[in-house]
Amino acid sequence: VPIEQVLVADDEPIMREFLSELLRRKNYDVTAASDGATALDLIGQGSFDLVMTDLKMPKATGLDILKQVKETSPQTIVIVMTAYGTVESAVEAMKGGAYDYLTKPCSPDQIDVVINKAVERQKLLEENQFLRSELARECQFEDMIGESPSMRKIYSAISKVAASHATVLVTGESGTGKELVARAIHYSSARKDRPFIRLNCAALAETLLESELFGHEKGAFTGATSRRQGRFELAHTGTLLLDEISETSLSLQAKLLRVLQEGEFERLGGSKTIRIDVRLICTTNRDLRREIAGGHFREDLFYRLNVVPIHLPPLRERREDIELLTQYFLKKYALRYNRNVMSVTPQSIEALESYDWPGNVRELENIIERAVVMDCGEQLDPEHLLFHTDLAGGGLDRANSLATNSLRDMEQTLILRVLDESGGNKTRAAKELGISVRTLHNKINEYRRQGILEGKFCTVR
Ligand SMILES: Nc1ncnc2c1ncn2[C@@H]1O[C@H](COP(=O)(O)OP(=O)(O)OP(=O)(O)O)[C@@H](O)[C@H]1O
Ligand SMILES: [Mg+2]
């Protein structure tokens, strides 16, 4: 579909006019909106081939617009525009399905590049379809990468257990691929066309967890206005994955034990016994034997769950897989975001291989995805790798602090240079820098406090 109808949404009149004019000259049919609500209205009425939207706008944000477009006309291409220094929000938009982003201020050339890329999109998408199926064929189990001896052992364990109905306990640190293993087991088993149901035990309070698992009858508790099937019932003849099994209470563990032993249970507030046939896969990143010793986990349940144990080693213990995983994620996200990333430099591989990966494969995947989204160019250099400092969203914090740090560094370098060139003349330097003497004075004091000015500019006038 060629691009004809374009919507430009930006609350800044200059940018809006500039972009609209530029696009009109390229013979597009341009509609402009000066706030988010108007843009949403227009999207509701018309059918746009391309939407170019600012992220920060009154009434509705660019992300709202993106969401609406994705829901109502998924084939429409969305390009988001963001102010310099807020690139992380553009990354979020890309993850939410934006096709690309522009950092403001942008030149007509930059806009051209992005639009031309969008125009090429259809063609690329077709090629990607082909590549995608190529990629899929490379892996033995869907999406599972790694040739290290420990991963090979895991593949063979998966094949063996898939052929049985046995309960599986998958252990390993966060982000090592426990869910991936559970899926691989289900989808290579005879149950593959039956439901695969998942529940995270750590995400719900005890009573909620119970009713999620076993379901409830009407009136079982306040708020139980109708009968509801639990996950065990939904997973009947299929597989149920219970994440973070260590986070269940002892009384719930007793109920789980009964399901495993007898294959039956009652809904909350019900008396009818329900029989089910479910393969149970549990995961944990805790040491269950230690939980047993501490009185937090039933030993008899542990033995029922641990029929087939599969342990995923942390990524730092199978560094030989890092390069392969990196290549895989690079391909995956280059396809998803239509980027032309061809290769990873040896320096990047070295940096990746020497990092400790507290967040394991998930962290590696995030780092590569981010680098690709932020358009690292054809080669992935170490400067594109943003290692997370911790697991709890520390990556973004770090990114933000990096951005502010580097801006501050740039500012500092500039100020010191201009001061130097002016021979320490504050009035001249301030004029040159386009800031007030007072601001400059404050900056100088700040640098003094940090010891940056030691010995320099003692004679600042
Ligand atoms: N061997 C692998 N090959 C390809 N991708 C992998 C591999 N292992 C993990 N991943 C990817 O890493 C991410 C995290 O994996 P997964 O969700 O299975 O981890 P987890 O062990 O269940 O983590 P958590 O304990 O935090 O739930 C997923 O996006 C998954 O696709
Ligand atoms: Mg998981």
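**Entry 1: ground rules**

I call a residue buried under 20% relative accessible area, exposed over 50%, and partly exposed in between, using a 1.4 Å probe and protein chains only. This is a predicted model, so I take local features only at pLDDT of at least 70 and side-chain atom pairs only at pLDDT 80 or more, while totals for chains, interfaces and linings use all residues. My bookkeeping numbers residues from 1 along each chain as its sequence is written, letters chains from A and numbers ligands from 1 in the order in which they are written, and uses heavy atoms for side-chain values, with hydrogens and water left out.

**Entry 2: salt bridges**

I counted a salt bridge when a side-chain nitrogen of Lys or Arg is within 4 Å of a carboxyl oxygen of Asp or Glu. Searching the whole structure gave me 28 of them.

I started with Glu 210 and Lys 255, whose closest N and O atoms are 2.4 Å apart. Glu 210 sits in helix H9 (residues 206-214) and Lys 255 in helix H11 (residues 250-262), so this pair ties together parts 45 residues apart in sequence. My helices (H or I, at least four residues) and strands (E, at least two) are DSSP runs numbered from the N terminus. Glu 210 comes out buried at 10% relative accessibility, whereas Lys 255 is partly exposed at 37%.

Next I looked at Arg 258 with Glu 266, a salt bridge at 3.0 Å, N to O. Arg 258 is partly exposed at 30%, and Glu 266 is partly exposed at 25%.

Arg 286 and Glu 291 also pair up, at 3.8 Å from N to O. Here Arg 286 is partly exposed with 40% relative accessible area, but Glu 291 is buried with 13%.

I also noted a network of salt bridges that links Asp 10, Glu 12, Asp 54 and Lys 104.

**Entry 3: ligand 1**

I listed the residues around ligand 1, taking a residue as near if one of its heavy atoms lies within 4 Å. There are 18, and the closest are Ile 145, Ser 174, Gly 175, Lys 178 and Glu 365. Helices H8 (178-187), H14 (322-336) and H16 (360-373) each give at least two residues to this shell.

For polar contacts I took pairs of N or O atoms within 3.5 Å; within protein, one must be able to donate a hydrogen and the other to accept it, and residues adjacent in sequence count only if both atoms are side-chain atoms. A polar side-chain atom of Ser 174 is 2.5 Å from an oxygen atom of ligand 1. From the backbone, Thr 176 has a polar atom 3.3 Å from a ligand 1 oxygen, and Gly 177 has an N or O atom 3.1 Å from one. Taken alone, ligand 1 exposes 630 Å², of which the protein buries 84%.

I found a cis peptide bond between Lys 104 and Pro 105, with omega about 0 degrees. Pro 105 is in the loop between strand S5 (100-104) and helix H5 (108-119).

Which non-glycine residue has phi near 75 degrees? I found Lys 59 there, with a positive value. Lys 59 lies in the loop between strand S3 (50-54) and helix H3 (62-72), and is exposed at 71%.

Glu 244 has a positive phi too, about 50 degrees, although it is not a glycine. I located Glu 244 in the loop between strand S8 (239-243) and H11, partly exposed at 26%.

Terms used
Areas by Shrake-Rupley, 256 points an atom, 1.4 Å probe, with all protein chains shown as cover.
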